[in-house]
Amino acid sequence: MKNTVYIYTRDLKRIFTNWAMIIIVLTLMILPSFYAWFNIKASWDPYGRTEGIAIAVTSEDEGSTIRGQHVNVGKDIIATLKKNKTLGWTFVSKEKADHGVKHGDYYASIVIPKDFSQKLGTVLQDRLEKPVIIYKVNEKINAVAPKITSKGASSLTQQISEKFVKTANGAIFSVFNELGITLQRDLPTIQQVEQRIFELENRLPEIKKVINEANDTTQKAGAIVSKAQAALPEVERLTADGAQMTQQLNTFLTKSDEVLKNAEPTISETLHRVQQRALRVQELKNQLMEKDIAPAEVSAAAEQLKVQLTKQVADTGEILTLLTDVNAVSQGNVLSPVINQIKSVHTLLQQQLSDVNDLQQQTKNGGAPDPSVLEKFSSRTDQAVSKLNTLTNSYSSTIVPAIEQAIKEAKDKTASANALLDEANKSMPDVSNVLSKTASGILLGQQELAKITKDFPRIEQNVHNIADKIREFQRKENIEDIINLLKNDVQKESDFFAKPVLLKEERLYPIPNYGSAMSPFYTTLCLWVGALLLVSILSVEVADEERFKSYEVYLGRLLTFLSIALVQAFIVTLGDLFLIKTYVVDKVPFIFLGLLCSFVFMTIVYTLVAIFGNAGKAMAIVLLVLQLSAAGGTFPIQVVPAFFQALNPFLPFTYAISMMREVVGGMLADIVRKDVTVLLCIWLGVLLVGIFLHKPLSKTSAKLTKKARESKLIH
């Protein structure tokens, strides 16, 4: 350690006792600062002085007539740009613009075509055409200028769009405002109409029913009148011979009475036969309900059931027909209860027959009968037997008296008919006249009802559609809210739709200018350049190093380089703050972190050169080049190729720039601690490499350097 200090103090003494060396060292201390200061100042506010970027503007717009008013949007654009100083708008002909862009007189050109206003006006037509602005840019002049000019062109189109939307919306909302006032005035009427439509919709089924009934009634009435007119001569003939007709009717009833009395035993016999067959069906049913019955036996039993049930259905049908005919001529329908009982039995027998058919289908191919079908068949069989027993037992006491009562009522009806026929004979002329007029009226009614019936589905659908739309509207919107919206301020609403969203920018850690924002990068970069200058001008070798150990030589001369490098960092950071007035939030940490960066960078560069000689200088330059691309100093690391993104975590610049940015914009302690820790770890690793590998590696590189010096081309 003593020799290390000796080498260091000797270096300082040699510097301060040699005026030429003092000048060289002072130059090396100050020179790197110019690199940072000039670059920071040059990039201080590049986007605030874009008025010097020339853009040629040409308008060939011929204008257009919209709603009887001549407009020329291109002319308006030119007038607007003449007041705009953000870029160097230059108004020239199209030919001069094209020539100037090609030859670099203008960075870009904007041409407004002849049909610009015409296409813009198609918004009021059925076929829309978007207007086009032609933008040309010469990208070989400068890498950044095309981005600035493109921003200007985009801003221009946005301004045109906003102005157009604002104007169009102003006209639209003026109409809406008038509409809102009108709607408010007519709101009670609108609500009343809505109510009437809902009432009409609710009564549509009733209306439809009335129309259908009226249609059926008129058709029936027409048919009745037609038949009546056709039968009128016959009626006249019959009424003229009323006595004879009455006599014939009495004779008919007398004969019917005899026939019915003779038919009573037949009906009784038929009922008994049906009852016996029902009992047979019940026996077969019991056989089917046995659990172990084979499918073949089921099929055989079903076939017998089918025969028995078919005969039962036929017999009960004959009885129903006979009793229904008798009941029709009776005045009080006295046979109706009996007919209903027999009809019930007839229905049960038909259902049983259907069940048997189902069973036959199920057992057709040896399958087992469905228990649910058997259960239904069993239930219906028992019901049929029960009802037939009741009918048979009550035949003499109920059915026979009912038949006799029916004949008696028919005879009474004959007496009444005789009186009615006499009265009808007197009214025949009036009946003929009424039938004629009724036929004409019914015909006219049928024609009108046919029209109504044809149009009703369309009317019904329209009413439903209107009612559905009203309900949908009421569910989603409130008409009073819409009226209030339509009555809003026209100017405010058009402004809103021209710019419906405003950007509220909240700047975290704001930096007032671009130069200050770039100061962490340029300051860091100049410190590495300063380290390169030192190893390029000053020697890393000690003249009498054979007197000392290898690590003593390494550490002794390192202290000299670090002393000069720290002064470099001190000068550049103070100059950033007080000479060029760089914006820095945390000034004292900015100085100390600059010293740390220089301390680490100098150790890295010195170690490379101390170990590898001139090859180490090349390595330091290569490392500088890689860090320029991969440390994220200019562009976000996410936008560079994957190779550089992979290198980023391993480069000293990554952490040096990060911590310098923190103190410029506003320090977050955890980020600074992490960056300082990584840099100190890098420094410690490089220092250990220099201490332990200086001797073995420097011997190898010394041979290479000695051989290279024989060329007399390097020192």
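Glu460 is found in helix H13, which covers residues 428-476; helices here are DSSP runs of H or I with at least four residues, strands are runs of E with at least two, and both are numbered from the N terminus. The model is a predicted one, in which local features need pLDDT of at least 70 and side-chain atom pairs count only at pLDDT 80 or more, while totals for chains, interfaces and linings use all residues. Residues are numbered from 1 along each chain as its sequence is written, and side-chain values use heavy atoms, with hydrogens and water left out.

Glu460 counts as buried because its relative accessibility is 18%; buried means under 20% relative accessible area, exposed means over 50%, and partly exposed lies in between, for a 1.4 Å probe and protein chains only. Leaving aside neighbours within four places in sequence, Glu460 is in contact with Leu204 and Lys208, contact meaning heavy atoms within 4.5 Å. The C-alpha atoms of Glu460 and Ile207 are separated by 9.9 Å, although these two residues stand 253 residues apart along the chain.

The account now turns to charged pairs. A search of the whole structure finds three salt bridges, each defined as a side-chain nitrogen of Lys or Arg within 4 Å of a carboxyl oxygen of Asp or Glu. Asp98 takes part in a salt bridge with Lys94, at 3.3 Å from N to O. Both Asp98 and Lys94 belong to helix H4 (residues 94-102), where they are four residues apart, about one turn of the helix. Lys94 is partly exposed at 27% relative accessibility, whereas Asp98 is buried with a relative accessible area of 17%. Asp98 also forms a salt bridge with Lys136, and the closest N and O atoms are 3.3 Å apart. Since Asp98 lies in helix H4 and Lys136 in strand S6 (residues 134-137), this pair ties together parts that are 38 residues apart in sequence. Lys136 has a relative accessible area of 36% and is therefore partly exposed.

A further salt bridge joins Lys674 to Asp675, with the closest N and O atoms 4.0 Å apart. Lys674 counts as partly exposed at 48% relative accessibility, while Asp675 is buried with a relative accessible area of 0%. Through shared partners, salt bridges join Lys94, Asp98 and Lys136 into one network.

Aromatic residues form another set of links. A pair of aromatic rings is described by the distance of the centres and the angle of the planes. Rings of Phe, Tyr and Trp (its six-membered ring) pair if their centres lie within 6.5 Å; planes under 30 degrees apart count as stacked, over 60 as edge-to-face and the rest as tilted. A search of the whole structure finds ten aromatic pairs. One of them is the tilted pair of Phe601 and Phe653, at 5.3 Å centre to centre and 40° between the planes. This pair links distant parts of the chain, 52 residues apart, with Phe601 in helix H18 (residues 587-612) and Phe653 in helix H21. Phe601 is buried at 0% relative accessibility, and Phe653 is buried at 0% relative accessibility. The rings of Phe643 and Phe644 form an edge-to-face pair, because their planes stand at 75°, with centres 5.2 Å apart. Phe643 is exposed, with a relative accessible area of 53%, whereas Phe644 is partly exposed at 21%.

Elsewhere, ring pairs link Phe34, Trp37 and Phe38 into a cluster. The charged end of Lys41 sits over the ring of Trp44, 4.3 Å from its centre; this description requires NZ of Lys or CZ of Arg within 6 Å of the ring centre and within 35 degrees of the ring normal.

The axes of H18 and helix H19 (residues 614-630) come within 6 Å and cross at roughly 145°; axes are lines fitted to C-alpha atoms, for helices over the stretch in contact, and angles run from 0 to 180 degrees between N-to-C directions. Among the residues that meet are Ile604, Leu608 and Phe612 in H18, and Ala615, Met619 and Leu623 in H19.

Finally, Asn648 has its place in the loop between helix H20 (642-647) and helix H21 (652-665). Asn648 counts as buried at 13% relative accessibility. Beyond its neighbours within four places in sequence, Asn648 is in contact with Ala630, Ala631, Gly632, Ile637 and Thr654.
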